[in-house]
Amino acid sequence: MLGRNNLYIFLISLFALTGCGGAEFGLSPGSSAGDNDEGVEYSGESLEGGAVTQLDVDESGEAEVDLTSLTGSEEFVLALHAFEENGNPQSFHVSSLNDPPGKSAPKYLEEESEEYTDDWHNTLREAEADLDPASLTHEGQHIAFATQDPDVGSTRTFKVLNSLARVGSTTTITAKLVHKNSGVLGYVQEEDEDAVGDEVGDLLDTFNSQINDLERLYGPISDLNGDGRVIVLFTRVVNQMTASGSGGIITGFFYAGSLPEEIIYTYVPDREGEHGTPISKSFSYSNIYPTVLPHEWQHIANYNHHVLVNEGEAERPWLNEALSHMAEGISTLNSSDYMEDVGVENYSRFAIFLKNPVAYSMIKGASLPVRGFATLALRFAYEQAEKGYMPGSASGAELLQNLVDTNLVGVENFVTALYGEGVATTSFLTFLGQLNLALFMDDTGLTNDPRLKLDINLRGVADDNRGTNLQGPAVQTASSFPLSGNVLGGGMAYYRLSGQDIIDAGGLLLLNVNSPTRFGAYLIQTGL
């Protein structure tokens, strides 16, 4: 029988270590798991008490838990996580005394098609990796504008990227300067001035007031043309990049190829969908514009520090996007430089990931659910650093600074910022284990340990103008043994097991994995 002492022992071992779209998921015959919502529960449902046992996988890839003393009324959740640097799936097999261990993994189904903005951002980040940084610092076609202080009402031309398929394809437009302040120049394509409206002035002034905060957390953006400002350009060309009726829209982007000017490109409100997917002015100003501007600002700062200042590579898309999504919460920054909440749009991204966590790796691609996963992981790390539990960063603010002002990228950057220099990237598995438990146990009454809790609420209806209902991570139901499957490297999964099923199967739970150094597992007793 699992007891509460197991939780204490587990925490000692775990934190000693830390101190140094959606695919279907198949199961082997004789097992079952939820397909969409069928057979799926959420970790906020029917949870009481709690005890955790870490399954110690030996060198042969096997682990076992003796549950022969069960009465049959118990319920458990098997929480799995894996790490492989390319995000490749890692197979597992759970069996019992009546089913000797074996290795059998179903075919992993690829992710759903990605949302337009996510595909486009990934394309831009890959294109930036091929740019020659030296060429960006030389005088280019826009440099003449830098020597001027343009007047509101003046016009100029811009070349705007216009194709999801080809980064070099552009449309030339004429735009009017409709608002300026000390840090921002706001241009609107001449034909779209009425669609953007007078609200743009307050929007850009609010954004300008956030720049000092953004600079403290992420460092300054580049200023290659010496004008001391970032340009925000509102243009229907961005709307037109996605076809009407597609349901998708590019909300905004930065591309380093626009340097030596720092330009944030964004769409124009279009309620009737004349230029692409319909999107109202009210929703644009309540949800999209206030988040897309700090989001894209981070991309400019990230490229500046990783490539131009530290002469390294552009950051990997998953971490670059997670840092930008974190920046969306800049309006909640308190006097201690701590963001008390995430941006209004992030809860919907969290919900998509949490509905089917087994389908995604946080380090593979930059789809909408992967962004939700990676941002949630970064938010958890941010909170843990603020609480003093991440030896590589003394606060949440320092964590963000360390992740941006470096020439390290990807998992190496993440692990170094969390745990300090010289820590192996395999420690990412330790972080995933801590995150795995925290996502499942937070706000359930299963634990009060701050190292397994989040400050943001992942259970309940979010105040995001969408009515997003968060229910914690989905838990697949395994009705019998054997249970076989895959967990993506950089991913996690949850399976519900009943005490009676375990008794019927012989009482000894056996886990067999294809790579013991890439896999972690915990058995959580949820009904004591």
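Predicted model: local features only at pLDDT ≥ 70, side-chain atom pairs only at ≥ 80, totals over all residues.
## Overall composition

The protein chain contains 14 helices and 18 strands. Of its 528 residues, 60% are buried. The chain exposes about 19600 Å² of surface, and carbon and sulfur atoms account for 44% of that area.

## The mixed sheet

Six strands build an open sheet with mixed pairing, and their order is β6-β7-β8-β9-β11-β10. The edges are taken by β6 (155–161) and β10 (252–253); each has a single partner strand, so one side of each lacks a neighbour in the sheet.

On the β6 side, β6 and β7 run antiparallel and are joined by 7 bridges. Within this pairing, K159 has T172 of β7 as its bridge partner. Strands β7 and β8 are also antiparallel, with 5 bridges, and they form a hairpin in which 3 residues separate the two strands. Here K176 is bridged to V188 of β8. By contrast, β9 (residues 230–234) pairs with β11 (residues 263–266) in the parallel sense, over 4 bridges. The bridge partner of F234 in β11 is T266.

## Helices packed on the sheet

Helix α5 (residues 200–218) packs on the sheet and touches β7 (170–180), β8 (184–189), β9 and β11. The direction of α5 makes an angle of about 150° with that of β9. Helix α7 (residues 281–309) lies across β9, β10 and β11, and runs at about 145° to β11.

Residue Q298 belongs to helix α7. Its relative accessibility is 0%, so Q298 counts as buried. Beyond its neighbours within four places in sequence, Q298 is in contact with Y218, N320, L323, S324, A327 and V404.

## The contact of α8 with α11

Helices α8 (residues 317–327) and α11 (residues 396–404) pack at an angle of about 145°, and their axes are 11 Å apart. The crossing of α8 past α11 is left-handed. On the α8 side the contact is made by L319, L323 and M326, and on the α11 side by L400, L403 and V404. These contact residues comprise 6 nonpolar, no polar and no charged residues.

## Backbone features in the loops

Most residues other than glycine have a negative phi, and most peptide bonds are trans. The peptide bond from L259 to P260 is cis, with omega near 25°, and P260 is located in the loop between β10 and β11.

Residue D443 has a phi near 60°, a positive value in a residue other than glycine. D443 is placed in the loop between α13 (428–441) and β12 (459–461). A positive phi near 60° is found for N465 as well, and this residue sits in the loop between β12 and β13 (469–471).

How values were computed:
Residues numbered from 1 in each chain as written. Heavy atoms only, no water. Pairing = 2+ DSSP bridges. Contact = heavy atoms within 4.5 Å. Axes fitted to C-alpha atoms, helices over the stretch in contact; angles between N-to-C directions. Buried < 20%, exposed > 50% of the residue type's maximum accessible area, 1.4 Å probe, protein only. Areas by Shrake-Rupley, 256 points an atom, 1.4 Å probe, with all protein chains shown as cover. Left-handed = near helix turned anticlockwise from the far one by under 90°. Nonpolar A, V, L, I, M, F, W, Y, C, P; charged D, E, K, R; others polar.
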